[in-house]
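Work through the exercises below with the sequence and the 3D view at hand, and try each task before reading its solution.

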Amino acid sequence: MRSIWNGAISFGLVSIPIKLVNATENHAISFRQIHTEDGGRIRYRKFCELEDREVTGQEIGKGYEDADGTIIPITDEDLSALPIPTAKTIEIVAFVPEDRIDPLQMDAAYYLAAGGAPAAKPYTLLREALKRSNKVAIAKYALRGRERLGMLRVVGDAIAMHGLLWPDEVRAPEGVAPDTDVTVRDKELDLADALMDTLGEVDLEDLHDEYREAVEEVIAAKASGEAPPESPAPERGGKVLDLMAALENSVRAARESRGEQPEEEAEVKSLPQRGGSRSSPKETGGKKSTSTAKKKTASSARASASSKTSRAEKKTTAKSTSKATAKKTPAKKSTAKKTASRKRSA
């Protein structure tokens, strides 16, 4: 790997020659600016205002613009001769526990490579001292025209350095947190813990840049004259009106994605009513169950009313029939009497 800075680590009276190497690399896909009408490249050219001509990189230097607009030239020699000890030295100033470093201060990462055979022994000494102390070294160094803060720690058999922002470069989180009073119940925290446990840990080696892969597919398709792949339609999620239900569904979905059987009784918990009493456990589709129950109740009421009406109609019909029968019976008796008298007369 190519070094970007050569210098030494100052460890008390011990000096360790080192080379600074980038520890990370950028895999993002870069694009060029083009003219949309004909596809021509858009290029930026650097012109000198006084001579009105394009200049090359070798002709370009640094300059500081004063308040009155005056440009003060600054050369690389001026910067390399700065009267500070960190101009070419990573000066260790303290050793602290790693948890003392705020992750917000983390910046670029570098590897510190030993600068030749003479540096092997002091390099190894510092590495093993860091390992045994379980601490990190805080150092100051100068790079790219400014003095910076760094943290040295052990990575495998190498020493890595993380650039740190100065404490006054980290902004306070003012106005970021919600400005309303929110009460989080123990049941909600329990479900959140269950969701965290279900999702579990992940091997960072298994994660990859899906966005970059999708862009590469689009580029490959257009290069071969094919239509770019269509993105799937996003799922329309409803508004989350019940945080408990959302947490329960999340836990259930996470377990199902892992092939586990959902434990409904252990997860589905009732929500306390406004009056303070607790309702019985409900199913996930609480509103649908309530609606179905109302429909069943109404249907039962209608069936009961219909049954009562039918019985009433039957009773009414029976009474009418008995009355009609009663009226017809005397008529039969009178007919029988007439027949008997006729016989006697004969």
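## Exercise 1: a surface patch

Val182, Val184 and Leu189 form a nonpolar patch on the surface, and together they have about 280 Å² of accessible area. The model is predicted, with local features needing pLDDT of at least 70 and side-chain atom pairs counting only at pLDDT 80 or more, while totals for chains, interfaces and linings use all residues. Residues are numbered from 1 along each chain as its sequence is written, and side-chain values use heavy atoms, with hydrogens and water left out.

Task: state where valine 184 is found.

Solution. Begin with the term: a patch is made of residues with over 30% relative accessible area and no salt bridge, where like charges are joined within 9 Å and nonpolar side chains (Val, Leu, Ile, Met, Phe, Trp, Tyr) within 5 Å. Accessible areas come from the Shrake-Rupley method with a 1.4 Å probe, and for residues only the protein chains shown count as cover. Valine 184 then turns out to lie in the loop between β11 (158–164) and α3 (186–199); helices (H or I, at least four residues) and strands (E, at least two) are DSSP runs, numbered from the N terminus.

## Exercise 2: the faces of a helix

Task: find which residues of α3 are buried and which are exposed on the other side.

Solution. First take the length: α3 has 14 residues and reaches 20 Å from its first C-alpha to its last, close to the 20 Å expected at 1.5 Å a residue, the expected span being 1.5 Å times one less than the number of residues. Next list the buried residues, which are Glu188, Leu191, Leu195 and Thr198. Seen down the axis of α3, these buried residues fall within an arc of 85°, so they line one face of the helix; the arc is that of the directions from the helix axis to the C-beta atoms. On the other side of α3, Asp186, Met196 and Asp197 are exposed. Here buried means under 20% relative accessible area, exposed over 50%, and partly exposed in between (1.4 Å probe, protein chains only). Finally, just after α3, glycine 200 takes a positive phi of about 65°.

## Exercise 3: charged pairs

Task: decide whether arginine 127 is buried or exposed, and name its salt-bridge partner.

Solution. A salt bridge is a side-chain nitrogen of Lys or Arg within 4 Å of a carboxyl oxygen of Asp or Glu, and by this rule the count comes to nine. Arginine 127 is buried, with a relative accessible area of 14%, and it forms a salt bridge with glutamate 128, the closest N and O atoms being 3.1 Å apart. Glutamate 128, at 36% relative accessibility, is partly exposed.

Compare lysine 140, which forms a salt bridge with glutamate 147 at 3.9 Å between the closest N and O atoms; lysine 140 is partly exposed at 26%, as is glutamate 147 at 28%. Salt bridges that share partners also join Glu51, Arg53 and Glu59 into one network, in which the side chains of arginine 53 and glutamate 59 meet at 2.9 Å, N to O.

## Exercise 4: an enclosed strand

Task: say which strands pair with β9.

Solution. Two strands pair if DSSP finds at least two bridges between them. Seven of the nine residues of strand β9 (residues 135–143) are buried, so β9 is largely enclosed by the rest of the structure.
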